[in-house]
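Subject: Handover of a structure and its findings

Dear colleague,

Please find below the structure that I am handing over to you. My notes on it follow directly after.

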Amino acid sequence: ALVASCGTPETLRQRLEDNQDRRRQWSLSVAADCDELAALLAGQAPETPLSQDDWEQLQARLGEKEYHGHELSINRVGGTRQLDLCERTEQASLAIPRGTTEEALADWLTPETRSRVPIDRHPDLEAAARSLLSSRPHRMGGYHDGVQ
């Protein structure tokens, strides 16, 4: 059925190769934007935050970069496996990477450096500082907090 949807095995193969090429071009385009940002930041002191305007322009620029393509996936239908051609969409984003919470928390705790931390991250960092992550503070009779 998969081959029939594309006409011939050669057409399917060519379609998948074209998708790979388009995804590679999309990825290179996003990487070029990241290199441009790195060059901008390299000219500034490490503690200099991006202006809100620069941050919003960068988010908008990367937000426009979307990849739409297809990929093969294996799905279970009843007791058998079926090979399907599925749509795939990816979008570049400026999500804060995992593992940066400790550094952001250190900046948030120090009044002189608090301005480096985006305002929308303050509630999360306050929860981290108070050990309230996942709504699980210390409870009497429960597992102890490391400070305790």
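Accessible areas come from the Shrake-Rupley method with a 1.4 Å probe, and for residues only the protein chains shown count as cover.

The model is predicted: local features need pLDDT of at least 70 and side-chain atom pairs count only at pLDDT 80 or more, whereas totals for chains, interfaces and linings use all residues. Residues are numbered from 1 along each chain as its sequence is written, and side-chain values use heavy atoms, with hydrogens and water left out.

Overall architecture

The protein chain has five helices and two strands (DSSP runs numbered from the N terminus: helices are H or I with at least four residues, strands are E with at least two). Starting at the N terminus, the order of elements is α-α-α-β-β-α-α. Of the 148 residues, 18% count as buried (buried means under 20% relative accessible area, exposed over 50%, and partly exposed in between, with a 1.4 Å probe and protein chains only). Among contacts between residues at least 6 apart in sequence, 44% join residues at least 24 apart; a contact means heavy atoms within 4.5 Å.

Helix α4

Helix α4 spans residues 101-109, and its buried residues are Ala104, Leu105, Asp107 and Trp108. Because these residues cover an arc of only 165° around the axis, they lie on the same side of α4 (the arc is that of the directions from the helix axis to the C-beta atoms). The buried residues of α4 pack against α5 (122-129). Glu102, Glu103 and Leu109 are exposed on the other side of α4.

Salt bridges

The structure contains eight salt bridges, each defined as a side-chain nitrogen of Lys or Arg within 4 Å of a carboxyl oxygen of Asp or Glu. Two of the pairs described here belong to helix α2. In one, arginine 13 is bridged to glutamate 10, with the closest N and O atoms 2.3 Å apart. Both residues lie in α2 (residues 9-42), three residues apart, or about one turn of the helix. Arginine 13 is partly exposed at 36% relative accessibility, and glutamate 10 is partly exposed at 43%.

In the other, the side chains of aspartate 21 and arginine 24 meet at 2.8 Å, N to O. Because they are three residues apart in helix α2, about one helical turn separates them. Aspartate 21 is partly exposed, with a relative accessible area of 39%, and arginine 24 is partly exposed at 44%.

Glutamate 90 forms a salt bridge with arginine 88, the closest N and O atoms being 2.6 Å apart. Glutamate 90 counts as buried because its relative accessibility is 18%, while arginine 88 is partly exposed at 28%. A network of salt bridges links Asp33, Glu36, Arg61 and Lys65.

Nonpolar surface patch

Leu72, Ile74 and Leu83 make a nonpolar surface patch of about 280 Å². Patches are made of residues with over 30% relative accessible area and no salt bridge, like charges being joined within 9 Å and nonpolar side chains (Val, Leu, Ile, Met, Phe, Trp, Tyr) within 5 Å. Leucine 83 is located in strand β2 (residues 80-91) and counts as partly exposed, at 43% relative accessibility.

With kind regards
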